[in-house]
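Here are some notes for a first look at this structure. Please keep the sequence and the 3D view open while reading.

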Amino acid sequence: MSLMDALPTPRLRWEGWHPNVVLVSLSLIMLAAFWLFDVVSMAPNRIVLGTGYGALEAFGWPGALLATLLLSFIGILACQPTHRHYRALLAAVIVIMALMPVGLMASSYLLIDPERPQARLGLGTAYWVVLFVLLLCLVELRLRLNLTRIWPTLLLCGVAVVWWLCAAFGLETLALVQEFKARDQQFLSAVAQHIKLVGIAVSVSIVLGLALVMLMRRYARLQKGAFAVLNFLQTIPSLALFGLLLAPLAWLAANVPFLGQLGVSGIGTTPALIALIAYSLLPIVRNTYTALEQVSPETLEAAKGMGMRAGQRFWQVRLPLALPVLLEGVRITTVQAIGLTAVAALIGAGGLGTFIFQGLGQAAMDMVLLGALPILMLALVVDAGLGALAEALRPGGTR
C-alpha cells in the first residue's frame with residue numbers, strides 16, 4: 001500500500017450542497033432581464049410610441065440596488081434549500097410582487113412631468129419578464145411545500161388588492177389605469193357579460209353532457225358515434241364555427257317569429273353560446289364517462305350486497321366516487337370557455353374580447369391588456385378553485 005493510499009481522503013466542502021437549480025436559474029433570469037431590458041416606458045400621449053428606460057433611470061441607484069438585492073435573495077436562499085427556506089422564499093416572492101407597483105410609482109415620480117397630464121407610463125419588457133418568472137417561482141414553491149392549489153391563488157389575490165390600491169391612489173399616470181378610467185363602466189359591463197356567457201355555456205354543457213353520458217352508458221353503440229362527433233367539433237376553428245352559425249341562425253330568426261322574439265339572430269349572444277356549448281361538451285362528456293366507468297366493481301358489488309338498488313348505488317356510491325374526476329372536466333371546460341369567449345366579441349357577443357380587438361384595431365396595446373389581463377385572472381382563479389375542490393373531494397385529499 002502506498003503512502004497516498006494510507007492518507008485520509010479530505011472531505012469536500014461542497015458535499016451535501018444541493019441547490020434548487022430551478023429557483024437559482026429563475027433568479028438569474030430575473031436579474032439579467034432587470035438589467036438588460038427596459039423596465040418602463042414613457043410616452044407623451046396615447047398616440048406616440050413610448051421611450052424605454054432602464055433600471056437606473058426608472059428607479060435611481062437606491063431603487064435599482066434594492067430590487068437587485070430582493071431578486072438575488074431568491075437565488076441565495078435557493079442555494080441551501082430547506083423547508084424553512086422555502087417558506088421564506090414564498091414570502092419573498094409575494095413581497096416582491098406586492099412591491100412592483102411601488103416601483104412604478106417611483107418611476108412615475110422620476111420620469112413624468114406634472115405639467116404634462118397626457119404623459120403615460122408603460123410597463124417595459126423587464127417588468128413583464130420578472131412578473132412571469134415570479135409566477136414560475138410560485139409554482140415551484142407550491143410543489144416544494146406541497147400546498148394545495150388554492151393557497152397560491154389566495155396569495156395572488158392579496159397581491160392583486162395591493163396593485164389595485166396603488167393603481168387607485170398613486171398610479172394615475174400608468175397607461176393601463178388611464179385606459180380603464182376612460183371606459184370604466186364599459187369595462188364592468190364587459191366583465192359581467194363575459195362571466196354570464198361562460199356561466200350559461202358551462203351550465204348547459206354540464207346538463208347536456210351528463211344526459212349524453214347516461215345515454216352512452218345505457219346504449220353502448222352510442223359511445224363511438226358520440227365521441228366521434230364531439231371530437232370533430234373540437235377540430236373546427238372557433239372563428240369558422242362562429243361563421244358557420246351566422247347564416248342558419250339569421251334564416252331562423254327571419255322565418256320563425258317566435259325565435260326572433262326570443263332574441264335569436266345570426267350575430268350576438270346566440271351563436272356565441274351555441275359554439276361555446278359545442279366546444280365545452282367533449283371535456284365534460286369524456287371526464288364524466290371515464291369517472292363513472294372507473295369506479296371499482298368491488299365497491300359497487302359491496303353496495304349491492306348491502307341491499308342498495310341500482311338508483312341508490314348510482315347516486316350514493318358511483319357518483320360521489322366519480323365526482324373528483326368529473327370536477328376536473330368542469331375545470332378544463334370552464335377555463336377553455338373563459339378563453340374562447342374572448343373570440344365571441346367578433347360576432348357582437350360582447351365580453352372582454354371587445355377591448356382586445358378594439359386595441360388591436362387602434363394599435364393600443366394597453367387596451368389589449370385591459371381585456372386580456374382580466375381573462376387571465378379569471379382563468380387562474382377558476383382553475384385554482386375547482387382544482388382545489390377536486391383535490392379535497394378525492395379519498396385522502398386535503399379538506
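1. Start with a term. A residue is called buried when its relative accessible area is under 20% and exposed when that value is over 50%; partly exposed covers what lies in between. Thr-68 has a relative accessible area of 17%, so it is buried. Bear in mind that the model is predicted.

2. Stay with Thr-68. This residue is found in helix α3. Which residues does Thr-68 touch, not counting residues up to four places away in sequence? They are Leu-31, Phe-34 and Trp-35.

3. Now look at the surface. Trp-35, Leu-36, Phe-37, Leu-56 and Trp-61 form a nonpolar patch there. Together they have about 580 Å² of accessible area. Helices α2 (21–36) and α3 (55–78) each supply at least two of the patch residues. Trp-61 belongs to helix α3. Its relative accessible area is 62%, so Trp-61 is exposed.

4. Next, the sheet. Three strands form an open sheet, paired antiparallel, in the order β2-β1-β3.

5. The pairings can be followed residue by residue. Strand β1 (residues 40–43) is joined to β2 by three bridges. Met-42 stands opposite Thr-51 in β2. Between β1 and β3 there are four bridges, again antiparallel. Here Ala-43 has Arg-120 in β3 as its bridge partner.

6. Asp-366, with 24%, is partly exposed.

7. How many salt bridges does a search of the whole structure find? It finds seven. One of them joins Glu-293 and Arg-217, with the closest N and O atoms 3.1 Å apart. Glu-293 is in helix α12 (residues 269–293) and Arg-217 in helix α8 (residues 184–218), 76 residues apart. Glu-293 is partly exposed, at 42% relative accessible area. Arg-217 is partly exposed as well, at 31%.

8. Arg-331 lies in helix α14 (residues 310–343) and Asp-383 in helix α16, so the pair ties together parts 52 residues apart in sequence. Arg-331 is buried, with a relative accessible area of 14%. Asp-383 counts as partly exposed, at 25%. Elsewhere, salt bridges that share partners join Arg-120, Glu-179, Arg-183 and Asp-366 into one network.

9. Two local spots remain. Asn-146 lies in the loop between α5 (125–145) and α6 (150–169). Its phi is positive, about 55 degrees, although Asn-146 is not a glycine. With a relative accessible area of 68%, Asn-146 is exposed. Ala-250 sits in helix α10 (residues 238–255). At 37% relative accessibility, Ala-250 counts as partly exposed. Leaving aside neighbours within four places in sequence, Ala-250 is in contact with Ser-265 and Gly-266.

Definitions and conventions
Residues are numbered from 1 along each chain as its sequence is written. This is a predicted model: local features need pLDDT of at least 70, side-chain atom pairs count only at pLDDT 80 or more; totals for chains, interfaces and linings use all residues. Side-chain values use heavy atoms; hydrogens and water are left out. Buried means under 20% relative accessible area, exposed over 50%, partly exposed in between (1.4 Å probe, protein chains only). Contact means heavy atoms within 4.5 Å. Patches are made of residues with over 30% relative accessible area and no salt bridge: like charges are joined within 9 Å, nonpolar side chains (Val, Leu, Ile, Met, Phe, Trp, Tyr) within 5 Å. Accessible areas come from the Shrake-Rupley method with a 1.4 Å probe; for residues, only the protein chains shown count as cover. A salt bridge is a side-chain nitrogen of Lys or Arg within 4 Å of a carboxyl oxygen of Asp or Glu. Two strands pair if DSSP finds at least two bridges between them.
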